[in-house]
Amino acid sequence: MISLNNISKSYKLGKEEVPILKNISLSIKEGEFVAIMGPSGSGKSTLMNILGCLDRPSTGHYLLDGQDLLTRKDGLLADIRNRSIGFVFQQFHLLPRQTALQNVELPLVYAKAKKQERRERALDALKKVGLEDRVRFKPTQLSGGQKQRVAIARALVTNPRFILADEPTGALDSRSSEQVLELFSSLHQEGKTVVMITHDHDVAKKAERTIFIRDGELLTEEETSHV
Ligand SMILES: Nc1ncnc2c1ncn2[C@@H]1O[C@H](COP(=O)(O)OP(=O)(O)O)[C@@H](O)[C@H]1O
Ligand SMILES: [Mg+2]
């Protein structure tokens, strides 16, 4: 489903090019649940932004369903992103003045769905994460775990095949983390492809496979066996 070939990313710092990702190649099959682990600053979020078509690499190829995405125009990348990918972030990224329901409806507003359909699908998604009794609450009236479940409902509402989560339990207590991980496991069981970034070994254990990154490079299998 997903294949990265020799992806590099660097940022310009004054006159200097600072390499962040170096020659990353990896593939992820449809329906896999993969964790990406690495220390802070190793390039995990940069890699997630590329996987999620939020950013483009400096060099390399990114194939999604066999299409080379990097030759595509920004508008098309945005379409692919909206249709195929659901995002979950450590800090939830909810709109503070909107209710849970309005936050979950937002991707459907962008997808130009009709009001009635938006409402029904957002309610379904909130039910799925166990928050049907919180639909009128605003983020400030919700706990961290509930906010993350609203964010997961928002990621699911367009029915994407691919869920990308960047440290989704990083801001949560252990009980809420457990609930969030259970949700990801059940999405995986339903057949979704889940990629979860974490720096927590216990969190990574929930995935079928873990990819390790250090200083912008993936560890080899040999190196991984020593982690
Ligand atoms: N927009 C940017 N411009 C310059 N450097 C950046 C930018 N984004 C990230 N970096 C640098 O890239 C490195 C990796 O960052 P990041 O991908 O956020 O790491 P992680 O998520 O693993 O903590 C860090 O050294 C960071 O300072
Ligand atoms: Mg990060």
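Helix 4 in this predicted model runs over residues 115–128, a stretch of 14 residues. From its first C-alpha to its last it reaches 20 Å, close to the 20 Å expected at 1.5 Å a residue. Helices here are DSSP runs (H or I, at least four residues), numbered from the N terminus. After helix 4 comes Gly130, with a positive phi near 80°.

Buried means under 20% relative accessible area and exposed over 50%, with a 1.4 Å probe and protein chains only.

| Side of helix 4 | Residues |
|---|---|
| Buried | Arg118, Ala122, Ala125, Leu126 |
| Exposed, on the face turned away | Gln116, Lys127 |

Take Arg118: it counts as buried because its relative accessibility is 17%. Leaving out residues up to four places away in sequence, Arg118 touches Glu105, Leu108, Val109 and Ala113.

How do helix 3 and helix 4 pack, and at what angle? The angle is about 120°, and their axes lie 9 Å apart. That makes helix 3 oblique to helix 4. The helix 3 side of the contact includes Ala100, Leu101 and Val104, while helix 4 brings residues including Arg119, Arg121 and Leu123. The crossing is right-handed.

A note on conventions: residues are numbered from 1 along each chain as its sequence is written. Local features need pLDDT of at least 70, and side-chain atom pairs count only at pLDDT 80 or more.

Note on methods. Chains lettered and ligands numbered in written order. Heavy atoms only, no water. Helix = DSSP H or I, 4+ residues; strand = E, 2+ residues; numbered from the N terminus. Expected span 1.5 Å × (residues − 1). Contact = heavy atoms within 4.5 Å. Axes fitted to C-alpha atoms, helices over the stretch in contact; angles between N-to-C directions. Parallel < 35°, antiparallel > 145°, perpendicular 65-115°, else oblique. Left-handed = near helix turned anticlockwise from the far one by under 90°.
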